[in-house]
Amino acid sequence: MRPRLLTIRKPLLFSQLLTSLSRPTVLLKQDAMAGPGAQTSPYNRRVIAFAALGSLTYGYGASVIGSTIGQPGWYDFFHLPQTGQPGYENVTTPVIATANGLLSAGAAVACLALTVTGDLYGRVRNIQVGCLLGILGGALQGGAATLAMFQAGRFIMGLCIGIMVTMTPMYLSEISSPLSRGWLVGHHAIFLVFGYMLSAWIGYGVYFAPNHNFSWRFPLAFQVVPPLALLLGSPFLPFSPRWLMSKNRDDEAWDIIRRLRQSPDDPGDVVAKEEFCQIQEQLKLDHEKLALWGGSPWKAIFLKKSYRKRMIIGFLTQWGAEFGGPLIINNYAVILYEGLGQTGSMPLLLSALWLTTAGVIYNPGGAWLHDKVNSRRWMFVTGFVGITIVTSCLAAMIACFAGTDNKAGNAMGVVFMFLYLTFQGTFCDTTMYTYISEIFPTEIRSIGMGWSLFGQFAATIILLQTAPLGFAAVGWKYFLVIICWSAFFVPIIYFYFPETAQLSLEEIEKQFGDELAVPVRHGQIDQDSPVREETHKGTYEG
């Protein structure tokens with residue numbers, strides 16, 4: 001392979017990079033290279049935390065129906081039979097299934113649209129559009145005068161959450177250091193489950209309100225709060241530097257990368273300069289590769305083997321994670337708890353506690369583990385092995401004791417619902433979004449992320465449409481869908497999914513058999529890389 005020469009488009013940056021990269025030694029202190037803090041500035045952390053409001057928006061909007069169907073006032077206002085009343089299976093069940101289906105359908109449409117708009121307008125602009133849709137969708141649901149208005153709000157909110165669940169982890173991944181990307185992108189799963197948790201506690205709190213109309217309207221109307229806060233603060237979010245560089249806006253990208261990677265241990269901004277070089281060279285190399293397919297990323301994803309593999313893995317990751325059952329158990333938790341002998345406000349309380357364990361323990365713990373275990377594959381495999389075992393036990397408890405007076409058996413069913421989160425929240429929820437945000441090169445990342453999340457919502461349409469009907473028709477046997485899929489998915493992950501932990505987004509190219517332009521390790525360009533070689537010679541293009 002011929003040596004690749006570093007091309008610098010901007011004269012100012014050329015002089016900055018030439019000065020630092022031509023030095024024979026790296027400026028980073030050895031102890032600074034050992035921890036992720038050397039590459040994650042306080043500014044980077046603030047941006048991550050604020051942008052994760054998009055994840056909170058998704059989590060709350062996707063799960064609020066779980067508390068809505070536990071509010072008697074919702075049934076009364078729309079004249080729907082409640083659980084145990086005549087007509088529940090024929091009238092109410094289809095309405096609930098439609099509400100879930102429309103949300104997922106809206107999200108699926110948004111994901112497909114993002115395959116185009118994600119690169120056209122960038123990550124931040126798409127997030128802003130998602131905020132506007134979330135405000136409108138939440139307002140329509142909270143102020144619904146008819147069932148049709150309520151369902152229209154569900155579809156529009158679906159468009160919002162489709163944008164948020166696609167753009168947010170992609171944005172977080174593109175501004176994170178490889179040393180701490182598991183934790184930082186894990187903020188998506190943490191804030192996502194915070195949204196779940198918030199909707200459950202609000203639903204439980206308003207259950208006791210004397211005004212039953214308020215009890216179901218307020219949680220739905222609250223959907224507007226997270227996207228409104230994110231919209232108001234979004235002008236201060238930096239654009240993704242990788243997106244900027246793909247649009248030849250290198251000076252803007254450099255300023256952002258420098259702020260993201262600033263550290264007292266790196267006064268010369270070596271980490272930022274080398275990351276800038278790697279992104280620049282990889283974009284150039286990827287552009288050359290795309291030229292072989294007529295310059296079209298759409299042709300490349302069909303014709304290029306490594307790109308096809310990424311698209312298949314991305315779709316399978318999200319499809320497979322949803323068939324692991326998290327939304328089935330969350331959105332129908334009230335119904336499941338009622339079947340296990342819980343009455344009154346207890347199903348809502350248990351649902352809130354269930355999600356609180358995920359928000360406080362499991363999802364943060366999983367995000368933390370990613371940068372300790374350093375293996376996305378083993379995190380995913382462990383999660384699905386656990387899901388298979390625990391869901392089998394849950395199904396057995398429901399089969400034997402649901403609808404009976406056996407308090408011990410019903411209590412064990414509740415215990416297994418909580419144990420389910422130990423594996424799903426810790427090992428799967430954080431992995432699925434982190435992994436798909438890593439595996440696609442910049443040239444096709446929006447297409448790949450949109451397609452992957454389309455897989456998630458295609459699965460949720462199927463599952464949430466069939467779950468209430470399935471529980472009503474076959475009861476515990478519906479869990480066999482989760483159990484069989486999870487057992488089937490484990491060897492697929494183990495044998496087919498490449499490892500991505502602790503690699504820069506550009507270095508992951510090698511894991512799929514593609515060429516890497518500039519090897520960089522923890523703030524140091526590989527001494528054997530062509531760029532380092534040419535730097536010592538003082539030879540540059542441009």
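Two helices, H5 (88-121) and H14 (297-303), each supply at least two residues of a nonpolar patch. The patch is on the surface, and its members are Val116, Leu120, Tyr121, Trp298, Phe302 and Leu303. Together they have about 650 Å² of accessible area. Before I go on: this is a predicted model.

Val116 lies in helix H5. Its relative accessible area is 47%, so Val116 is partly exposed.

Now the whole chain. It has 542 residues, and 62% of them count as buried. I count 23 helices and two strands. The accessible surface comes to about 19300 Å². Carbon and sulfur atoms own 67% of that surface. Next, contacts. Take those between residues at least 6 apart in sequence: 81% of them join residues at least 24 apart.

Back to H5. Thr93 lies in this helix too. Is Thr93 buried or exposed? Its relative accessibility is 4%, so Thr93 counts as buried. Which residues does Thr93 contact, leaving aside neighbours within four places in sequence? Tyr88, Pro468 and Leu469.

Tyr88 comes up again with Thr83. Thr83 sits in the loop between H4 and H5. Leaving aside neighbours within four places, Thr83 is in contact with Tyr88 and Glu338. Thr83 has 46% relative accessibility, so this residue counts as partly exposed. One distance for Thr83: its C-alpha is 10.0 Å from that of Pro72, and the two are eleven residues apart in sequence.

Most residues other than glycine have a negative phi. His79 is not a glycine, yet its phi is positive, about 55°. Where is His79? In the loop between helix H4 (72-77) and H5. With a relative accessible area of 70%, His79 is exposed.

Two further cases. Gln502 has a positive phi near 65°, and it is not glycine. Gln502 is in the loop between helix H22 (480-496) and strand S1 (520-521). The other case is Asn374, with a positive phi of about 60°, just after helix H18.

So to H18 itself. Helix H18 covers residues 346-373, which is 28 residues. From first C-alpha to last, H18 reaches 37 Å. Where does H18 bend? At Gly359, by about 40°.

Last topic: salt bridges. The count is 14.

Start with Glu506 and Arg242. Their closest N and O atoms are 2.9 Å apart, in a salt bridge. Glu506 is in the loop between H22 and S1, and Arg242 is in helix H11 (residues 241-246), so the pair ties together parts that are 264 residues apart in sequence. Both Glu506 and Arg242 are buried.

Next, Lys289 and Asp286. They form a salt bridge with closest N and O atoms 3.1 Å apart. Why are Lys289 and Asp286 separated by about one helical turn? Because they are three residues apart in helix H13 (residues 270-291). Both Lys289 and Asp286 are buried.

Then Asp514 and Lys304. This salt bridge has its closest N and O atoms 3.3 Å apart. Asp514 lies in the loop between H22 and S1, while Lys304 lies in the loop between H14 and helix H15 (305-322), so the pair ties together parts that are 210 residues apart in sequence. Buried means under 20% relative accessible area. Asp514 has 10%, so Asp514 is buried. Lys304 has 14%, so Lys304 is buried as well.

Which residues are linked in a network of salt bridges? Asp286, Lys289, Lys304, Arg310, Glu509 and Asp514.

To recap. H5 and H14 supply residues to the nonpolar patch. H18 bends at Gly359. The loop between H22 and S1 holds Gln502, Glu506 and Asp514. That's my tour.

Note on methods: Residues numbered from 1 in each chain as written. Predicted model: local features only at pLDDT ≥ 70, side-chain atom pairs only at ≥ 80, totals over all residues. Heavy atoms only, no water. Patch = residues over 30% accessible without salt bridge, like charges linked within 9 Å, V, L, I, M, F, W, Y side chains within 5 Å. Areas by Shrake-Rupley, 256 points an atom, 1.4 Å probe, with all protein chains shown as cover. Salt bridge = Lys/Arg side-chain N within 4 Å of Asp/Glu carboxyl O. Helix = DSSP H or I, 4+ residues; strand = E, 2+ residues; numbered from the N terminus. Buried < 20%, exposed > 50% of the residue type's maximum accessible area, 1.4 Å probe, protein only. Contact = heavy atoms within 4.5 Å. Expected span 1.5 Å × (residues − 1). Bend = angle between axes of the 7 residues up to and from the residue.
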